[in-house]
Amino acid sequence: MPTVSVERAALFAHIGRTFTDEEFDELCFEFGVELDEITSEREEATKSSTVKLNKQQIAALSEEVIYKIDVPANRYDLLCIEGISRSLRVFLGEMEAPTYEILKTSDEKSSTMTVIQSSTASIRPFVVCAILRDVTFDPARYKSFIELQDQLHRNLCRQRTLVAIGTHDLDSVKGPFVYDARSPKDIKFVPLTHTDEEREFDGASLMEHYETDASCKHLKPYVPIIKDSPLYPVVLDSEETVLSLPPIINGSKSRITLDTKNVFIECTATDLTKANIVLDTVVAMFSEYAARPFSVEPVTVSYVNDAKEVVKSYVSPQMYTRKETASVKFVNSLIGIDVDPEPMAQLCNKIQLGPARIVPEDGEDGPILEVTVPPTRSDILHAVDIAEDIGISYGYNNIVKTVPQTCTVGGEQPLNQLGDLLREEIGRAGYVEVLTHGLCSIKDNFTALGRPITEAVSLSNPANVEYQVVRTTLLPGLLKTLQHNKSMSFTGGFKLFEISDVVLPDKEHVVTETIVGAKNARRVCATYAGPTSGFEIIHGLVDRIMTLCEVAPEEEYVSSSGNKTDKLVHCKEGWFYTIRELKQGASDCAGTYFPGRAAEILLTSPSGGERVVIGTFGILHPEVLANFDINYPTSAVELDLEALL
């Protein structure tokens with residue numbers, strides 16, 4: 001969830017009333033947000049473990065109380081103090097939700113954006129624009145204006161990869177405007193970061209500068225978005241003045257100051273829907289500071305081909321209000337309340353979904369609630385979203401607790417239940433459970449185990465060599481655990497086990513329409529390391545697991561064990577197991593074990609009929625132990641749990 005920091009005094013001034021911290025915390029809960037922390041700049045600097053300031057610097061910081069408010073990730077209208085205060089005032093009934101007005105164009109040239117489609121299509125194909133007229137800025141409003149853009153860039157814009165916002169002083173540039181993509185060397189301008197020294201860069205040198213200069217490290221994460229592209233997107237005015245180099249930086253000439261009156265907003269994007277949401281949000285939040293509150297001038301965006309012919313055009317911002325419906329019966333049943341249709345329509349006004357009306361309906365669902373969704377509420381997509389907001393308006397604390405009328409019994413998935421039961425029993429046998437990483441290197445997963453390199457799910461851009469593939473066996477994790485626990489006593493044997501998933505290639509059994517080519521498989525793996533190889537100990541664990549899973553040994557296996565005692569153990573009908581020697585070359589895992597000291601576990605079940613190999617166990621090969629730097633003889637077992645269900 002995004003966290004928005006606002007000064008308490010400024011927030012209360014916007015709301016028009018004051019609260020105690022406890023009262024405001026309760027108000028936030030009722031509204032569906034959370035007051036996460038109450039702090040100040042000085043307190044944060046004192047507690048910070050990363051920012052080190054001296055006493056004089058800390059003393060210079062403000063002690064003004066700051067509220068840190070966690071807002072839902074899809075409520076973009078709550079990412080600034082204007083949106084939070086406005087929504088709370090509407091919720092408290094102290095103002096009506098604003099109506100947004102799109103004015104007629106006052107200057108045709110400034111209200112035109114031409115997009116060179118052939119060049120921009122390959123880098124950032126979309127742009128939307130708007131103009132705010134006669135805006136009055138002060139330091140607090142200007143700060144909030146910048147912070148809203150930062151919040152949107154971090155959240156909805158996905159670190160500027162989907163949308164990048166550019167805001168400009170309209171009076172310092174001349175329309176009509178052009179959105180183009182040009183060679184980096186052909187783009188020359190003074191960026192906003194170098195206004196004071198008026199240093200000019202071309203596109204290529206600016207990218208190099210932002211990658212290496214410590215003073216511009218806040219822009220470094222965005223450089224890779226366009227750096228390797230042969231063309232860089234650029235927004236220009238009629239005099240070829242660079243307004244912005246999206247998604248990196250704006251130009252110095254069009255920078256916004258406290259004296260700016262007319263604001264030109266452009267959002268370049270790879271996703272047109274997201275761009276419209278971002279633009280509508282910025283306009284909705286800051287149009288309240290215009291001479292005519294909640295008004296905006298539109299901009300016509302025209303796409304032209306190489307012959308300068310208009311192939312597509314639209315007007316932005318959209319600022320659409322739309323109608324959505326939900327049945328009164330559905331809303332009541334989902335929330336667990338019983339509210340009549342007309343009072344429910346009134347509740348919509350508190351959460352900016354008004355005006356709402358009741359549409360008579362003769363069907364099973366009864367009356368239908370029709371709400372008006374403003375341009376700031378792009379999160380309203382379904383009747384469930386309407387019901388959620390009505391629940392907030394009604395008050396969660398006012399919902400009476402009732403016993404659910406449904407009669408269902410929850411339970412674990414059989415595979416998870418089997419794993420939990422085996423964990424307890426294997427733990428009682430003296431084994432210590434470990435939980436190892438699901439990613440490993442190709443060397444650990446194959447070569448170090450003496451196995452050929454086969455197909456596995458691999459990472460296209462691993463962080464380091466240790467995270468190249470998703471494991472196809474649990475054994476490397478246990479062996480690395482032994483490697484890092486040499487200080488433990490191995491005198492009486494050191495037993496480890498893990499029950500977890502591996503990921504295997506799967507080209508045949510696909511349950512969804514999208515073939516992902518891989519599947520999870522639940523395995524149990526255990527090792528014994530000590531003064532002796534411990535083969536008989538691991539062998540005993542295999543028999544114990546089979547007994548716990550109610551799988552009977554075959555008669556031939558029992559007779560060859562030398563144990564003639566008949567034990568009354570309940571076993572599933574038609575389920576049997578046995579073992580046979582694992583021959584070298586018989587399977588990919590044969591190289592992991594010492595020749596002649598390994599076995600395969602064979603299972604016969606009613607569903608299969610024939611014997612199938614479900615696992616192997618044996619004494620690990622000395623070369624495998626050397627690869628993992630293990631000094632003691634070690635035996636291991638690994639078998640498939642899903643086959644035992």
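## Helix α8 and its cap

Asp202 caps the N-terminal end of α8, with a side-chain oxygen 3.1 Å from the backbone nitrogen of Ala204. The model is predicted: local features need pLDDT of at least 70 and side-chain atom pairs count only at pLDDT 80 or more, while totals for chains, interfaces and linings use all residues. Residues are numbered from 1 along each chain as its sequence is written, and side-chain values use heavy atoms, with hydrogens and water left out. Helices (H or I, at least four residues) and strands (E, at least two) are DSSP runs, numbered from the N terminus.

Helix α8 spans residues 203–212, and its buried residues are Gly203, Leu206, Met207, His209 and Tyr210. These cover an arc of only 165 degrees around the axis, which puts them on the same side of α8; the arc is that of the directions from the helix axis to the C-beta atoms. Buried means under 20% relative accessible area, exposed over 50%, and partly exposed in between (1.4 Å probe, protein chains only). The cover over the buried residues of α8 includes β9 (188–189), β10 (201–202), β11 (232–236), β12 (242–245) and β13 (249–250).

## Packing of α7 against α9

The axes of α7 (residues 139–154) and α9 (residues 272–286) come within 11 Å and cross at roughly 160 degrees. Axes are lines fitted to C-alpha atoms, for helices over the stretch in contact, and angles run from 0 to 180 degrees between N-to-C directions. The two helices α7 and α9 are therefore roughly antiparallel to each other (angles under 35 degrees count as roughly parallel, over 145 as roughly antiparallel, 65 to 115 as roughly perpendicular and the rest as oblique).

From α7, Arg141, Ser144, Phe145, Leu148 and Leu152 meet Val278, Thr281, Val282, Met285 and Phe286 of α9. Contact means heavy atoms within 4.5 Å.

## Arg160

Arg160 is found in the loop between α7 and β7 (163–169) and counts as buried, at 12% relative accessibility. Its side chain reaches two backbone oxygens: that of Pro247 at 3.0 Å and that of Ile248 at 2.9 Å. A polar contact is a pair of N or O atoms within 3.5 Å; within protein, one must be able to donate a hydrogen and the other to accept it, and residues adjacent in sequence count only if both atoms are side-chain atoms.

## Thr472

Thr472 lies in the loop between β22 (469–470) and α15 (475–483). Thr472 is buried, with a relative accessible area of 14%, and its side chain makes a polar contact with that of Asn445 (2.8 Å).
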